[in-house]
Amino acid sequence: MGATANGTSAQPFKFLIYGRTGWIGGLLGKLCEAQNIDYVYGSGRLQNRVDLEADIASVKPTHVFNAAGVTGRPNVDWCESHKVETIRTNVVGTLTLADVCREKGLVLINYATGCIFEYDAAHSLGSGIGFKEEDTPNFIGSFYSKTKAMVEDLLNNYENVCTLRVRMPISSDLSNPRNFITKITRYEKVVDIPNSMTILDELLPISIEMAKRNLTGIYNFTNPGVVSHNEILEMYKEYIDPSFTYKNFTLEEQAKVIVAPRSNNELDASKLKKEFPELLSIKESLIQNVFKPNRKTPVFGNISGLTPRTMGVVCDVRRTQLSGTQKSAQILNYHQDCKEHPGYSCRPRVGP
């Protein structure tokens, strides 16, 4: 197949996937099964070139996916005290796999990270100006991010690699400890900063389609727009647990309880949106793909006693823009069709 040219590839597909025990790697296998795509998990270690060559010779894949990597357990602070191990997988291993794939004429879909940027003067918080694929990473606050920025720069020389910048991944599996929502619901305190994020339920199938199209280069692999920690937790309260409570703290206070600083940024997803126009914004995708399928709060069909003068309609997509007073005045869990956002639910609220 023509690995270096963006375009379509003929069937049948056969995927070689690295990262079997990881979250994304496991989900990729399930997606392949659902789509009846033949796939095999790689058994070789990424840093061992002979192992990788043996895997490819045995499997004879049409595409290779790399979902393996060191992120640290329980978090990236682990990488600060395990630097050699982090380099071995995130840098040496990834580069070795890319090089072997290039030698064999194979496209490599590489799940990377967008946590290599932080808000700055040209991309300020709340400006709506996100970092683009060609921008130079400006965040090396953590050793994990430093290795990821380093390897992305080197991979840019490989025309067979598709680098997907994942950020703060979220899925509909709210029991998974790697899920960003699960993480922040278990934290004693959270910061409240808008960030670009990746809804895996929507974007992982897109990554498979990207392989089928032989797309290469760097992509900001996030849903368009940003969402803050508090906005997500308010959705959690509304759809999952109304009794849930949380507390905020500042970045300065956070710095006292973590080893390495954390990245906060907005990525410009227009390149991905152009290729996949159906891509939902982050808030729309959270509602449709994560919270609605997991809804535990009741839904009521009829509410009487409201007059046109006291009733307004608040769309799910817009609800986080309400003030605190307006939020407290909402009549929750009443759903009707939303004319502005078809397929989403709206509810009446009491208010002016």
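Let me start with N265 and what surrounds this residue: leaving aside its neighbours within four places in sequence, N265 is in contact, meaning heavy atoms within 4.5 Å, with G114, C115, F117, E118, Y119, F131, R167, P194, N195 and S196. In the chain, N265 sits in the loop between α9 (251–255) and α10 (270–275), where helices (H or I, at least four residues) and strands (E, at least two) are DSSP runs numbered from the N terminus. Is N265 buried or exposed? N265 counts as buried because its relative accessibility is 0%, and here buried means under 20% relative accessible area, exposed over 50%, and partly exposed in between, with a 1.4 Å probe and protein chains only.

Before I go on, a word about the model. This is a predicted model, in which local features need pLDDT of at least 70 and side-chain atom pairs count only at pLDDT 80 or more, while totals for chains, interfaces and linings use all residues. Residues are numbered from 1 along each chain as its sequence is written, and side-chain values use heavy atoms, with hydrogens and water left out.

Now to the protein as a whole, which has 12 helices and nine strands. Of its 352 residues, 51% count as buried, and among contacts between residues at least 6 apart in sequence, 78% join residues at least 24 apart.

My next topic is a pair of helices. The axes of α8 (residues 229–239) and α11 (residues 282–291) come within 12 Å and cross at roughly 35°; these axes are lines fitted to C-alpha atoms, for helices over the stretch in contact, and angles run from 0 to 180 degrees between N-to-C directions. On the α8 side, the contact is made by E231, I232, M235, Y236 and Y239, and on the α11 side by K283, L286, I287 and F291. These residues divide into seven nonpolar, no polar and two charged, where Ala, Val, Leu, Ile, Met, Phe, Trp, Tyr, Cys and Pro count as nonpolar, Asp, Glu, Lys and Arg as charged, and the others, Gly among them, as polar. As for α8 itself, this helix is mostly covered, with nine of its 11 residues buried, including H229, N230, L233 and E238.

Finally, the cysteines: how many disulfides does a search of the whole structure find? The search finds zero, a disulfide being a pair of cysteine sulfur atoms within 2.5 Å. C101 counts as buried because its relative accessibility is 0%, and C162 is buried too, with a relative accessible area of 0%.
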